[in-house]
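Here is a short briefing on a protein model. Look over the sequence and the fold, then read on.

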Amino acid sequence: MRTALTLVLALGGLAAHAGDLSLTGLNTLRVGDGTVRNDLSGEDVDRRYAEDVLDLTLSRDAFRLNVATALVWPSEFPDAPPRTGGDEIEDLDLIRRTLEWSGPVNVQVGDVWTTFGNGLALSLYRDEALVNPRLTGNNRSELPTFWDSGADGALVEAQQGDLSLKALWGQTDYVGHVAGGNGEWSRPWGSLGGSLVRATGIPQNDDIRLGIQPTLDVVTREVYGTVRLGKLEVSLNHVDQHQLDSEARNAGAGGLATYGTLNAPLLGWTLFTEFKYYRFARQSLYFNAAPTVQREIPTKLIARSTHRVFANENETGLLLDLSRSWEGGHSMRFSGAWASHIDGNLLPRLKESLNAYQEYTAGWLMEFSPERHLELGAAYTEETSGWVPEGGDPVAGNAWYRRAGLSATLLVPVPVLRSVEVAGEYLHKTERASDEATSGVMLWAEIFPSTLWSLNVTADYEEASTMGQDWMGSAEMRADVHWPASVSHTLTLFAGRLRGGQVCSNGNCRIVAPFSGVKLSLSSSF
Amino acid sequence: MLRRIALLLSLFLLITALPARAAETAAFRLKDINGASVDLADLCAKGPVLLSFWATYCEPCKKEIPHLIDLTKGFADQHLQLALIAVDSPRSQKQIKPFVNSKGWTVPVLLDANGQTMKKLKGSNPPYTLLISPKGEVLYSHSGYKPGDEGALKQEITRLLAPAAGKEQ
């Protein structure tokens, strides 16, 4: 593998000099020195890492070769990176490679990612992080996210007029073999689509080391459609799933899922409604990334109170969102989301035994000028944290949390510094079973002295009634440098203590351990 | 050891070849939020295109886009068009259209699930802004947004589009 990689790089370099190939790439270097806290033992464990990911694309005419390599001494998260079947990257590895040909059809071979419809039947999602620690790792506070559910195989895409077709065949890390097709017909008034996917293999939660034979042979069928009438849009998506192998351990397992949206103008406001009813057996298939039907709260502190998305596979949920903007830049947004496990109920029921969740958010942005704005936000959530099996005990190992938060961000122009953003958030959390209450305050300021660099200083303070006081402080400096003209570098330097917890990005959440120390990241595109 | 030397030599060859390479060409076809298929070549046929990769969860993006809309209006004589490309995951793609409607944005909004097109154009995270010439060449790219960046972008666009406008005349 390494010889092949070196050969690819050598040929790429020579070819680029010869002018035969177009070459682009992105290189990310991450270095860190500090400690992470193990939430089981409560001890700080040294973590020193250095890793480099080079994503290189060589193009010529209709062909395009993309290779991503990782050089690790060791990785930031040493447990299990994606796309290597759970094996730790040692030294240097080729972690992704795709050969693409674009003609009347688009053909990709190697590591492929794609989505059918809304992602209910199939969503092969590319992870941009080098690592994907699993539950079995050294630090259980770093939970899996299944960000990278890509397949090693082939993908063919074609489009003719209003009709688009996709066909996929491959092997995934998390399930096993997957094959499927999708067709979609789009018109100005709406669209119609359908998918058929077959998967065979071992579900992620079954331990391969115990010698369990493949227990999954599942067919998933999907239909979906959208109707548009001006700004009014209604969409509906239905999936059914059934096990083919009657001898398998999960014989009889199956499931269904329905997802719908309504987008409508309402007295100058925009109303958006989302509904889900997911009842997949065996916690679904891991190449699904169905919509979560909740808002991703972008503020730093309050974001920790969002719903755990790994409860998404057997859940009903509803989202109502109302938003409006006015001339001059003012805008408001209100939303409410509810979710729970399914126990004969079509709509969410706020029972602890059903892993119930509810959230309410409000946001108000006041833009007085391009250099001056004030943003206010509020959020309230209630959730049974942790997984409650159907019919299980709602108390043991779980907790009912109530969180309320406020946020404010002010951007003002300041002479010499160009502009300064100051922000603060407050979060109060109560947990009923242990009668524990926690209050947290996060304050940060960011200065933007030039287009080349910015500096963010954050103070994070949390006081718990039963656990004493805990200060977290950090400073992060970011610089964007362009040198030479065809190469752009972004340098990020972090120093301080970073509170662990849930981190969400692009609909995916992961839980990271608290970190103290220094981190440096250099990202270069060329 | 030999392998490491070979690897470093290969990387050196790659990096040193960069300044000499020709301008990169962008090409893609994506669906917009109304389901219509949009080809970059069709947009380029009308004039230069400012592409902005953004996402509903990206706060800097949401701050930058109103500035980009205003900025594009100032280059109407050069037929500069703005196209927003949302890189939200399929999980939150249905939230894009209501968000755009609530903001009252009327520019084309395309969908790039998982940011695969953004990555092909060397972007790693939103916001990522590109200026594309009518020939499809990438004239300028910029990652991130800080307050005041729109001023620097305006200067770049003025500089880059001025010769093109001169040639056309």
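Chain A has one helix and 28 strands; helices (H or I, at least four residues) and strands (E, at least two) are DSSP runs, numbered from the N terminus. This is a predicted model: local features need pLDDT of at least 70, side-chain atom pairs count only at pLDDT 80 or more, and totals for chains, interfaces and linings use all residues. Residues are numbered from 1 along each chain as its sequence is written, while chains are lettered from A and ligands numbered from 1 in the order in which they are written.

**Chain A**
- Of the 526 residues in chain A, 38% are buried (20 or more other C-beta atoms within 10 Å of the residue's own, with C-beta atoms placed from the backbone).
- Val67(A) sits in strand 3 (residues 63–72) of chain A.
- Val67(A) is buried because 23 other C-beta atoms lie within 10 Å.
- From Val67(A) to Pro188(A) is 121 residues in sequence and 38 Å in space, C-alpha to C-alpha.

**Chain B sheet**
- Seven strands of chain B make an open, mixed sheet in the order 2-1-5-4-3-6-7; two strands pair if DSSP finds at least two bridges between them.
- Strand 2 (37–39) and strand 7 (138–143) of chain B are the edges: each has a single partner strand, so one side of each lacks a neighbour in the sheet.
- The twist averages 30° from one strand to the next (axes are lines fitted to C-alpha atoms, and angles run from 0 to 180 degrees between N-to-C directions).
- Strand 1 (residues 29–32) and strand 5 (residues 109–111) of chain B pair antiparallel over two bridges.
- Asp32(B) stands opposite Leu110(B), in strand 5 of chain B.

Terms used:
A residue is buried if 20 or more other C-beta atoms lie within 10 Å of its own, exposed if 12 or fewer, and partly exposed in between; C-beta atoms are placed from the backbone.
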